[in-house]
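Here are my notes on this model, as numbered points. Please read them with the structure open.

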Amino acid sequence: PGNENPPFAGVMIENMVEAQPVSGLADANLVFEALTEANITRFLAYFVPEDSPSVEGLSSTLEIGPVRSARPYYLDWAAEFDTLYGHVGSSPAAYELLRKKGVAGVQDLDQWYKSQYYFTKSGRPKPHHLYTSLELLRKAHDTEISTQKFDSWKFKNDASPDVRGNVSDIKIGYAAPYNVQWLYDKSPNSYKRVQWGGVHKDAQGREIVVKNIAVAFEEMKVLDDLGRKQFTTFGEGKGMVFQDGRVIVGTWKKPGAKADALAPGLPSARERMRWYDAQGQEVEFNGGTTWIEIVPTGYSVSY
């Protein structure tokens, strides 16, 4: 109580082999993971840049990055939150949306135009050298945003230990080396991310640990010779939520129309993506970090 609705901001963070280890990712509150070109995953990670961080030991100078470029389908997810969207540059389609049309719910924080909120990190090769920090995101939020409104998911308390399940090894079937495992630990009721040959740690040495893993299977289309992609970010499809050592199999839904679509009368991209169980009841998430895996239809998720 008293800490509801803090300021928060989203940042595009890359996951290329050459970018490892990335910084700050273990302290994100919410993460979308999806494929970009060459079947490399990229993260849209949200952080709470409070003056006095609520996470013990988390410094306001925490580095976040490397920061990379925008893609249109990430804008459809970012539009849900009506807050800063940090990135450096864009694909041509994303640039067209952000610079010429604007996207409702996306407060553009492009390093090309707002370089004061970013810095280059010595010792990192280009283009893996651009970073931001919690401190810079807080300054950007205080300066660039006047209001921030969004619809919440539903939340619940963790299941009691006696009813927690044993679904403990979740494999997300992205192509190697971007394939991911999540290992469940029943005692703290949390999941550790495994990639790069072990538990995935960021550059600060912090393990990536989450409370919920939400999966959305979406149709993916490759648009050009560079491998740029398109996802069916609206409508509904097969969904899964892993929490409390169990799996809920049902659907994900996101009503609305794409940011570049002329669709009078339809809800906008600002509608939240939500998950529902097999009976059509909205899934309640555990308090804590949630990781959203956007998985192309036909790819595997095993457990």
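**Notes on sheets and pocket**

1. The model is a predicted one. Two bridges link β4 to strand β8 (residues 130-133), and the pairing is antiparallel.

2. Which strands make up the open sheet, and in what order? There are three, ordered β4-β8-β7, with antiparallel pairing. β4 (63-64) and β7 (119-120) each have a single partner strand, so they stand at the edges and one side of each lacks a neighbour in the sheet.

3. A helix covers this sheet. Helix α3 (residues 134-144) lies across β4, β7 and β8. The angle between α3 and β8 is about 70°.

4. Now turn to β18. Strand β15 (residues 212-218) runs antiparallel to strand β18 (residues 235-243), and four bridges join them. Here Val215 has Met240 of β18 as its bridge partner.

5. β18 also pairs with strand β19 (residues 246-254), antiparallel and over nine bridges. Gly237 is bridged to Trp252 in β19. The hairpin of β18 and β19 has two residues between the strands. Asp244 takes a positive phi there, near 55°.

6. Last, the largest pocket. How much space lies in it? About 630 Å³. Its lining comprises 20 residues, and Asn29, Leu30, Phe150, Phe155 and Gly288 lie nearest the centre. By class, the lining of the largest pocket holds 10 nonpolar, eight polar and two charged residues.

Notes. Residues numbered from 1 in each chain as written. Predicted model: local features only at pLDDT ≥ 70, side-chain atom pairs only at ≥ 80, totals over all residues. Heavy atoms only, no water. Pairing = 2+ DSSP bridges. 1 Å grid on protein atoms, 1.4 Å probe; cavity = no way out; pocket = protein on both sides within 12 Å on 5 of 7 lines; lining within 4 Å. Points joined across faces, edges and corners; volume = space filled by probe spheres on them. Nonpolar A, V, L, I, M, F, W, Y, C, P; charged D, E, K, R; others polar. Contact = heavy atoms within 4.5 Å. Axes fitted to C-alpha atoms, helices over the stretch in contact; angles between N-to-C directions.
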